[in-house]
Structure formats: structure tokens, C-alpha cells
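Please consult the sequence and the structure shown below.

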Amino acid sequence: MKVLNPKAIYTIAKKEFMDNIRNKWIILLTLIFVILIIVFSYLAGGQSGEGDVFGGLQNTVFGLVGISSLLIPLIAIILGFSTISGEAESGALYVILSYPVKRVEVLIGKLLGLGSVIIFSIFLGFGLGGIIIMASYGAEAWGGYLSFIVLSIFLGFIYLSLSICISSFCKKRVTSIGGGILIFFWGLIYGSIVLGILFGSGYSFEDFQTGNVPDWFFNSVVFSPGDAHQTAVQIAFGVRNIEAMGFSIEIPEFLSMEMLLIVHFIWFIIPLILAYFFFKRRDL
Amino acid sequence: MNTKTIMCPQCKTKFTIQGNSGEKIQVVCPSCGVKGVFTFSIDQTKSTITHDSYAVEINDLTKKFKDLVAVNNLSLNVKKGEIFGLLGPNGAGKSTTIKSILGLIHTNSGEIKINGFDIIKKGIEARASVGYLPERVAFYDNLTPLQTMNFLSELWGVDKSVSKPLIKEVGLEGAMNRKVGTFSKGMVQLLGVAQVMIGNPPVYILDEPMGGLDARWVKIIREKIKILNKQGATILFSSHILSEVENLCHRVAIINKGKLIAEDTVANLNKYLQIKPRLEISIPGLNGEVPDIIKNIEGVEIANAKNDTLFITCESYAKSKIIAILQNSGMTIDNIKTLEPSLEDAFVKLIERDA
């Protein structure tokens, strides 16, 4: 393959980014992230029982990550699910692809443009929120918080890659909505399957509640990007055991930060490669 | 067969000779009678065919959609500098052919070149030499024409300063800052024509450029095609309406069911299709009888009458003669209708003849 034309990639990326500035999505997203952080910090502060209004960065994030690991994928899916199928259906893609540009350039441009929207809103939203917390509570665990921001962006890119893959594959906007819903609920679907296997292999519900589960059950998070993300966020704050209902469960050695980053990267790159092949082979 | 102008070494007279490439022929000077031998070169003639004469070359193009063969072994050449009409009824494979030329769809077999560049092997170069107007052209509803053209010209690789002049050229300057989403179909089509001209390509491929537009827009687009052609561009456009191409195209190809039926000049095609107008003349008091004087007029093929209406199928040139003769014989003509046969009718004829 010959070299790519950075000008074409930049032009596509700029268009996607500017679209989200024009329709003010980017402002809405940033606000959502700021508000989320503040609300969860407030909740974390109330729990401490020491009279603080806001909770610390770590507790805030641990409360927030359950929501953000759903919200960020949702945003990424909304940004990307129709970026190719929708334009193919409306007809705008016909003009674009008749120009002296490569399809791969269009694909990368879209990923980078929509990715910038995610980077911008998460960085600004979580960044501002973080500064407010640090100003009122203190800057403890700020390194973990910074990792949380980076991991959140990474999660956004994973789901962007997945949704662009869906968009390249689906002929119509409607079918790609279906695909988007499928990947959004994948964590839930997959979780149920794994739980089914756990109970099927002789473990009881009590075992599950008390954390008496085999390592493979933990390690299976690698097949669910949202769960892998949550685990990585915990490890980023240096916490390797989960405290719940009076029990403490240790995260297995296998799930190191390096391992989870590799898992993240695989979840990002495989759909992107598939998207490239789907898009390349696509008939308009 | 190649033609070559040579000069007699004896008397310096210039004259032309003909022969196949690679052929060695005996030459006799027409003015002084000196004999000689001339060999036609092989490579040179071949390369001129692929690079210099054709703007678009299609060789043995086949495209299947599952079981449906949309284009079947189609070969076509569009010469540089001509306006070429691709005609066919709806579903004949026109759009599929055009999309294949641009590389928007993947063909099952065949070779396609634009301006000498293979669309698969040299896709960027090929697409850099063509401006394409899709059948249902669409842009981004949330952008203004200026934002759209700025984006597109940047994507093409030219400076965005070309945007405003091009928008003005198609007459959309009044809507420069309106959202494209609020545009009428004709206005979107005009913006489509504006984007086609980005980068000043030597070849234009327009898919049904006048489809579904009212007369005013059609006229603007026809004029634009003529102007572009005068400036030296090659234009290939498709249509399913014969009258759209008649006075515009130098050459026409007719396709049906994915197959090439005919490829010729419009004049030759009319002859080939035997497209003849049908006259409907209302004459009070005719009472279902065909006047004898009609039968003797040259160019009249079929004449019959029903009540007070006379139906005549004739050559185009005979129309005025028929009216004049009828009037001279003292008949009153109430109304005249000319029915031009549709392309679809001509197709039915052609297919029936082929079968």
C-alpha cells in the first residue's frame, strides 16, 4: 500500500470535529462529564461522614466508573454508528469517494475526527471536574485520576472503533442502529453467559456473592471492554482487591496493567482492521 | 487501420497512406511516381489508442448483484472532447456502469480506465481526472453551500478559494449562507454541478444530470454541459429520455439489461432505431377515410383514419409536406399532434428485432 495523504485525513477529521462543534454536541458532552464528576464527588463526600462536601478523587472515580463505563461507550456509539452507513444511504459518500482520496483515508479521518470529540470532551469535562475536587478536597491520588482520564478516552476509542466497524458493515442506518445496540449491551450479554458457565460448572450463587470464584471468571473481563476498563481503573489507583459486602476479593495476577492495556489495544485495533476491510469491499 | 502523412523524398509532395500497424506497404508517389516502402510502427499506434484518444475506456465490464447480472460484458469507449450520452430505460445498468467507472462498486470482471489511468491500479490519478455527479446527489444538510464546497475542495486537494466562484457560476450565490438541508432538489443538483468542477478535471461523468428537474434547471444544466465541452472537457452523461440527449451528444450508446445494444452518432442511431414521428390530425368530416393524396406522399409509411382523426406514421421530413398537401386540397385542419416515440418504444422494437 502506498503512503496515505495526511491532508485528506485531516480534512475529513476536521469536518467530523466541526460538525460536533456546530451542533453543540461537544459542549453538551463536556457539561455531562463535569456534572457527573461533581455529582459523584458530592456523593462520595457524603459517604465519608467527616463533613466534607466533596469526596476525594479515588472514591469519586470508584463511584463514577460504573456509570462512565456505560456512558462513554454510548456516546462513542452515537458518534460513530451511522458515520458510514448513514452517509452511504443519504448519498453524501458518493461524492466523497469519487474524489482523489483513498477509502482508508476517509476511515482514519472519521476515527480521528470523532475521536477528537471524545478526547476534547472527556479531557475538558473530567479535567475541570478534577480541578474543582482538588481545589476543595485535595489532590490525593491525582496520578490515578489522570490514568482514569486516559483510560476513559481509550474506552471511547474502543467503542468508536467498534461502532465504525458496524457502520462499515451495515448497508443501512437502521441496521447499524441494531448493531450499535448489540455492542452497547455486549457487556451485559457476555456477563450473563459467563455467569451461566460459572453456575453450570458447579459454583453456587453464594460462592459468587462471597467472591469464592475461580480466576478464569475474573480473567474473562478481557472479553468485555467495559469490565476490562473498570478493572484497569481500579489498578490505576493501586487497588488490587475489591471490597464488597464485607468480603475482599483479590484481582488475579494475570490481570496486570500491561495485560489490560494490551486487551484495550486489541479491542481497539481488531474492529478497526475489520472496518477497513468492510469499507474497502463495500459497494455504494 | 492507421493513416500516416509522408513526404516523397524526390519531389517533396506530401500525401497520406493507410495500413495496419506493423504492416509493410509499397508506396508510389502520386505526383512523380517514385516507388518506396513504408513500415507502420506497432507500439506507437497502440499507446496512442490507450492514452490519447479515449477519456473513458470500458473493456468487458461485468457486474453481478447476487443472481442479477446488472452489467453484462460491456465495452465502451468515450473519445476525448466529445459529449457522450449513455441511454437506456430504467434499470438498464446505466448507474451501475457509471459507479463502476468511478470505482464506487467492485466489478466481477473487466478493465476500466479514465484518462488512461486504471481505476483500480491508479485510482487516485484516475479520480483526479474526473468530476462526478451522482444520480441522487446529496450533501450534508447541516452545512451551507460555502462550507460544503470549502470541505470538498480541500478534500480534492485544491485551495478553498475556488468555492465562491464555483457557487456563483451555478447561480447559487443568493443561497450562499443557507443550510443545504433547506434546498430544493434543483438547487442541490446545481450544487452537485458546482462540486463537479472542483479541480478542473478533463472528464465529467454525470449520472442523470437532468433527472426529475423542471425545465428551467434542465436548461441551466444543458448550457453548463455545452460550456464545459467548449472548454475542451469530455462529458459522459446518462439519461433515459431520448430528447435530452438528441441535440446535445456527439455520440450515444444504448444499453438494455446490462448489454450494449448500439453505439453511434445520434443521427445514425435515429436511422437504426427507425424512430419516426406519428401525426394525429383532426379533420372535421373525415369519417374514417384516408384521403388518397396522402398515400402518394414520399416518406409516409402508415396512414389510417378513425372518425375525424387521421393517423400518419412518417419520416420527419415529410411532416410539413403532409400538412401543406392536406390544406391545399381544401380540408380544414382543427388540430395537429405530433407523437415522438419514446425511447422505451424504440427499445421494445430493438429487443424484438434482436430476438
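## The sheet

B:Phe84 stands opposite B:Leu236 in strand 12 of chain B. Strand 7 (residues 83-87) and strand 12 (residues 234-239) of chain B run parallel and are joined by five bridges; strands pair if DSSP finds at least two bridges between them. Helices (H or I, at least four residues) and strands (E, at least two) are DSSP runs, numbered from the N terminus.

The model is predicted: local features need pLDDT of at least 70, side-chain atom pairs count only at pLDDT 80 or more, and totals for chains, interfaces and linings use all residues. Residues are numbered from 1 along each chain as its sequence is written, while chains are lettered from A and ligands numbered from 1 in the order in which they are written.

In chain B, six strands form an open sheet with mixed pairing, in the order 10-11-12-7-13-14. Strand 10 and strand 14 (259-265) of chain B are its edges, each pairing on one side only.

## Helix 6 and strand 10

Helix 6 of chain B lies across strand 10 and strand 11 of chain B, at about 170° to strand 10 (angles run from 0 to 180 degrees between N-to-C directions, with axes fitted to C-alpha atoms, for helices over the stretch in contact). Among the buried residues of helix 6 of chain B are B:Leu190 and B:Val196.

B:Gly131 lies in strand 10 (residues 130-133) of chain B. B:Gly131 is buried, with 26 other C-beta atoms within 10 Å (buried: 20 or more such atoms, placed from the backbone; exposed: 12 or fewer; partly exposed in between). B:Gly131 touches B:Val196, B:Met197, B:Pro201 and B:Tyr204, not counting residues up to four places away in sequence (contact: C-beta atoms, placed from the backbone, within 7 Å).

Key
Two residues are in contact if their C-beta atoms, placed from the backbone, lie within 7 Å.
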